[in-house]
Amino acid sequence: MRPCCFRIGKSGKIWLFRTPLMLALMLAAGSCGKKMPPRPMGPEGPPQVSGIRAEVVDGQVRLTWPIPDIFHQKKRPGDLVFVIQREQSDLEKAQCGDCPPEAPKTLLRLDPAAQGPWAVKGNSVEWTDTMTQPGGAYRYWIGIMDKRERMVSLSAPVRVHIAPPPRTLKEVETHANQRGLLVRWDAPSSAAKTPDPQMSYLIERRQKGSDWEPLNPEFLQGNSYLDTSVQPQYHYQYRVRPLCRVLDAEIAGPWTEGVFTKAPEKVPPPPPKTVWAVPSGEKLEVHWTECSMPVSGYHVYRREGKTIVRLTADPVKKPPYVDAKVEPNKVYGYAVSSVSPDAPYKEGLLSKWVEVRNVRFK
């Protein structure tokens with residue numbers, strides 16, 4: 001490759017790069033007219049703990065947070081650890097989310113790859129602060145520290161007030177209906193003797209001989225829950241826990257259990273509301289409005305005089321159904337039924353009959 005050159009001066013002489021300074025200047029501007037790819041403006045920000053969930057259960061603070069990806073990329077245990085800091089103050093100071101920490105105390109160094117007084121569930125860490133006091137006000141921070149004892153980042157503060165929990169629910173009732181099991185309870189009243197609009201609930205269920213399992217991943221508003229995922233003829237028990245939000249934490253009340261209730265027999269879906277048929281060449285096309293409930297398909301029936309036959313050996317997924325075994329200028333009646341989406345695939349009632357004359361023009 002020939003060296004870059006340029007012509008200066010009236011004499012027309014060609015000057016080569018003779019000094020390191022000239023070479024550096026030209027390399028900075030680009031060599032031989034070639035452009036270099038742009039360099040990044042700066043490194044990405046340090047990893048930070050976010051999405052911290054705080055709960056007050058039985059007067060103790062439970063913190064749950066996701067594990068950043070950088071923890072899965074580290075080479076040796078202890079390269080990165082979580083540092084939990086806490087500051088205790090009065091309620092007025094604890095409410096300030098932007099105020100910097102004044103005298104925080106380090107409660108724990110936590111390595112999710114090691115064993116300790118914490119739990120790793122999936123990609124989240126759960127830790128409970130048992131050294132709290134009733135009525136206490138706290139701010140928590142979760143930092144990330146490297147192996148050189150340097151704080152890489154610090155989360156936003158999580159404000160917690162150990163306030164009294166919601167009152168116990170009076171009763172949890174369970175009723176069977178056509179769609180499943182309906183769970184109802186009386187919402188606890190606030191100081192104004194009215195239901196607290198800020199109240200939310202957790203619901204769990206179990207079968208006989210099994211453990212409790214959560215039903216609602218998100219906190220539920222209102223005072224009822226319809227469980228449509230039950231198995232027919234099985235017995236289920238439900239329990240409900242009220243929660244109220246104070247600052248950044250959910251304060252949980254006690255569980256209230258209902259009695260075991262038998263799930264109803266699976267009810268077949270209703271038939272289509274509207275059915276119609278139109279001639280199509282030498283055939284008849286049967287159409288219908290699809291059911292709003294889940295179905296595995298539909299059966300089509302034809303009536304000719306007093307004779308009724310089912311035209312479908314297996315349920316058809318969606319309309320239309322083409323009836324090719326029809327004669328010209330005859331009147332036929334059609335009706336459609338829906339089939340349940342799961343075993344035992346029960347067939348529901350027939351829709352209203354619709355009549356059509358198979359008119360053909362020569």
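Colleague: Why is Cys96 called partly exposed?

Modeller: Bear in mind that this is a predicted model. Cys96 has a relative accessible area of 21%, and since buried means under 20% and exposed means over 50%, Cys96 counts as partly exposed. Cys99 is also placed as partly exposed, because its relative accessibility is 34%.

Colleague: How do you know that Cys96 and Cys99 form a disulfide?

Modeller: The sulfur atoms of Cys96 and Cys99 are 1.9 Å apart, and because the cut-off for such a pair is within 2.5 Å, the two are taken to form a disulfide. The structure holds 1 disulfide.

Colleague: What makes the disulfide of Cys96 and Cys99 right-handed?

Modeller: The torsion about the S-S bond is about 90°, so the disulfide is described as right-handed.

Colleague: Why does Gln237 count as buried?

Modeller: Gln237, which lies in strand 17 (residues 235–246), has a relative accessibility of 6%, and because the limit for buried is under 20%, Gln237 counts as buried.

Colleague: What makes the pairing of the Gln237 and Glu257 side chains a polar contact?

Modeller: The side chains of Gln237 and Glu257 are joined at 3.3 Å, and the cut-off for a polar contact is within 3.5 Å. The side chain of Gln237 also reaches the backbone oxygen of Gly258, at 2.8 Å.

Definitions and conventions:
Residues are numbered from 1 along each chain as its sequence is written. This is a predicted model: local features need pLDDT of at least 70, side-chain atom pairs count only at pLDDT 80 or more; totals for chains, interfaces and linings use all residues. Side-chain values use heavy atoms; hydrogens and water are left out. Helices (H or I, at least four residues) and strands (E, at least two) are DSSP runs, numbered from the N terminus. Buried means under 20% relative accessible area, exposed over 50%, partly exposed in between (1.4 Å probe, protein chains only). A polar contact is a pair of N or O atoms within 3.5 Å; within protein, one must be able to donate a hydrogen and the other to accept it, and residues adjacent in sequence count only if both atoms are side-chain atoms.
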